[in-house]
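Shall we read a structure together, one feature at a time? Have the sequence and the model open beside you.

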Amino acid sequence: MAWPALIAFTIFGVIPLFGVLYLSFSSWNGLSETIPMSGLESWKSVLSDPGLPHALWVTFLIMALSWLAQTPISILLGVFIAKHARYRSVLAVLFFVPLLLSQVAISITYKMLLDPNFGLGAGLGLEFLQQDWLGDSTLAVGVVIFVVSWQWIPFHSLIYQGGVRQIPASMYEAAEIDGAGRVRKFFSITLPQLKYTIITSSTLMVVGSLTFFDLIWVLTAGGPGDATRALAVDMYQRGFKATLMGPASVIAVILVLLGLGLALLLRRLGGRDATESQLEGA
Amino acid sequence: MTTTLDHRKSGKAAHVAPPPTSRRPKLLQYNWFGGLAGWLWLGVVIIPIYWIVITSFKLQADYYSTNPLVPPANPSLENYRFVLEHDFVRYFFNSVIVTVGAVAPAIVASFMAAYAIVRGSSVSRFLRTVNGVFLMGLAIPLQAVIIPVYLIIIKLQMYDTLGAIILPSIAFAIPLSVLVLSNFIRDIPKELFESMRIDGATEWGTLWRLALPLTRPALVTVTIYQGLQVWNGFLLPLILTQNPDKRVLPLALTAFQGQYNINIPAVLASVVLTTLPILVLYVVGRRQLLSGLTAGFGK
């Protein structure tokens, strides 16, 4: 019964994984019938290209800063909506809406909102909003991180909400008897108990951030200059814009290795088996 | 989910073992800090969405002359009419075909695989390997394999068809769906399977009459989640189609923005129209989606 799923995933998931390694030794232009092999040429050209360290840096920057922005806010919101109060559940419903919008829709919206001449800043006469957000290298990276966080904080706060609800009330009761205040309880009970939730959420954030493409492409197309040219954008530009599938495949292989490496690293930190049952003793 | 295991592993709180009903921390006093942060975040979330909606009802002239956060004095459906007259309906149906065409087979295949894995892993090395492949698949980003996928689609002579988007979408919906569904099926008590077998039910019978009804919340969850993914997908349509006839909504949005970027209210009307079906789905299936997501990812 596992065959249909296995076949589908093998054709478009597993074979391409090896295919991309194969293509990284080719000089295919994406159009020709035959795929000319060129050995290590693509690898040499990519690894000696200063564009690669830059793309890695941009990717790392977006990964690290969006993690830093998202994690504390998601934990606080998760703790907040985990308590059972009607207005909080209403808030939680609304919080989720950004996740429903496509990254394309979100990027187009923010592009318009941040337009220095016709956007929100100009319309409201707010000086600080009237900057050339997407035309300035530093600001553009900031905008990408903000928009990413805007979309994904709701999702991660949901994960934290689930985590918080699993913490036994008796731990809090015991802490209260010992005279612990709210802040103390947060740092001594909530946060340590959320350890595995933090690892899960961080894994999704970090590995996911390697693949940001739609959002960056529509928002900045990697620009201004190459300020937001993260790995996935770099791969698209090399492969489908410059028709250099060999070098683009090299970038893709690097993406896979980074993704697997990061996932394994974070898994080691967690030290748990994801296939274990959720039920105790099952 | 997490803590039951944590306790067992760490041992430090193993004696607690609370009954499920007492797990919720009590609301003792009003949390001013949390409340403030919550409402603040609501503002961050809602203002852009509010702006999209009200602006989509503004006339173009008003857009440049009025305060962006004030609702239009004379709400107009002009932008919606404009968008609907410009092939929006075709793109909409392309998106519907792609989404249904990808999600339905993906969920059926994933459910069967999840069932087989849960029921057979203890005796079958093959099924354990299959499960390993899917778990590994969770870490394979679509972006990383898009070039070979493009090559395969060309070799299959499917470039520039809706099928070109559908087939890879099915494949990439499978790993996560299998994970979530197998987590649910694994929690079905073994005794139920045993009694079905004693009653003489086949594996298919057990799958349909026992696992399917008990897994329904998870099935709804993964269906909504994967539907969302495919509906909002951009990379596959961008790379695997070319003809405007084959555009799906996210692609149409970018094309639309390029063509009519002076007409901002019209672009925003198309954003609203693109999101509306998902919003309806969310309102209907919200509880399922949220509970399923926490169960699927909270591990």
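Q: What should I know about the model and its numbering before starting?

A: This is a predicted model, in which local features need pLDDT of at least 70 and side-chain atom pairs count only at pLDDT 80 or more, while totals for chains, interfaces and linings use all residues. Residues are numbered from 1 along each chain as its sequence is written, chains are lettered from A and ligands numbered from 1 in the order in which they are written, and side-chain values use heavy atoms, with hydrogens and water left out.

Q: How many helices and strands does each chain have?

A: Helices (H or I, at least four residues) and strands (E, at least two) are DSSP runs, numbered from the N terminus. Chain A has 13 helices and zero strands, and chain B comes to 12 helices, again with zero strands. The C-alpha atoms of chain A fill a box of roughly 75 × 60 × 35 Å along the principal axes.

Q: What share of each chain is buried, and how do I read that word?

A: Buried means under 20% relative accessible area, exposed means over 50%, and partly exposed lies in between (1.4 Å probe, protein chains only). In chain A, 57% of the 282 residues are buried; in chain B, 56% of the 299 residues are.

Q: What part of the contacts comes from residues 24 or more positions apart?

A: A contact means heavy atoms within 4.5 Å. Among contacts with a separation of 6 or more, residues 24 or more positions apart account for 67% in chain A and for 71% in chain B.

Q: Which residues of helix H8 of chain A are buried, and where do they lie around the axis?

A: Look at residues 169-177: A:Ala169, A:Met171, A:Tyr172 and A:Ala175 are the buried ones to find there. They lie on the same side of H8(A), because they cover an arc of only 160° around the axis, the arc being that of the directions from the helix axis to the C-beta atoms. Helix H9 (182-193) of chain A is included in what covers these buried residues. Just after H8(A), look for A:Gly179, which takes a positive phi of about 85°.

Q: How do I describe two packed helices?

A: Two packed helices are described by the angle between their axes and the distance between the axes. Axes are lines fitted to C-alpha atoms, for helices over the stretch in contact, and angles run from 0 to 180 degrees between N-to-C directions. Take helix H5 (residues 125-137) and helix H7 (residues 162-186) of chain B: their axes come within 8 Å and cross at roughly 115°. In the contact, B:Phe134, B:Leu135 and B:Gly137 of H5(B) meet B:Ile174, B:Pro175, B:Val178 and B:Leu179 of H7(B). By class, this contact has six nonpolar, one polar and no charged residues. Here Ala, Val, Leu, Ile, Met, Phe, Trp, Tyr, Cys and Pro count as nonpolar, Asp, Glu, Lys and Arg as charged, and the others, Gly among them, as polar.

Q: How many salt bridges are there over all chains?

A: Side chains of opposite charge can pair when their charged atoms come close. A salt bridge is a side-chain nitrogen of Lys or Arg within 4 Å of a carboxyl oxygen of Asp or Glu. The whole structure holds eight salt bridges over all chains. One of them joins A:Lys185 and A:Glu176 (2.7 Å, N to O). A:Lys185 is buried at 12% relative accessible area, whereas A:Glu176 is partly exposed at 33%.

Q: Where do A:Arg238 and A:Asp234 lie, and are they buried or exposed?

A: Both lie in helix H12 (residues 231-241) of chain A, four residues apart, about one turn of the helix. Both A:Arg238 and A:Asp234 are buried, and the closest N and O atoms of their salt bridge are 3.0 Å apart.

Q: Which salt bridge does B:Arg90 form?

A: B:Arg90 pairs with B:Asp245, the closest N and O atoms being 2.8 Å apart. This pair links distant parts of the chain, 155 residues apart: B:Arg90 is in helix H4 (residues 78-120) of chain B, and B:Asp245 is in the loop between helix H10 (235-240) and helix H11 (249-259) of chain B. B:Arg90 is partly exposed, at 37% relative accessible area, and B:Asp245 counts as partly exposed at 37%.

Q: What does B:Val248 touch?

A: B:Val248 also has its place in the loop between H10 and H11 of chain B, and B:Val248 is buried, at 4% relative accessible area. Not counting residues up to four places away in sequence, B:Val248 touches B:Tyr91, B:Asn94, B:Ser95, B:Val98, B:Ile165 and B:Pro237.
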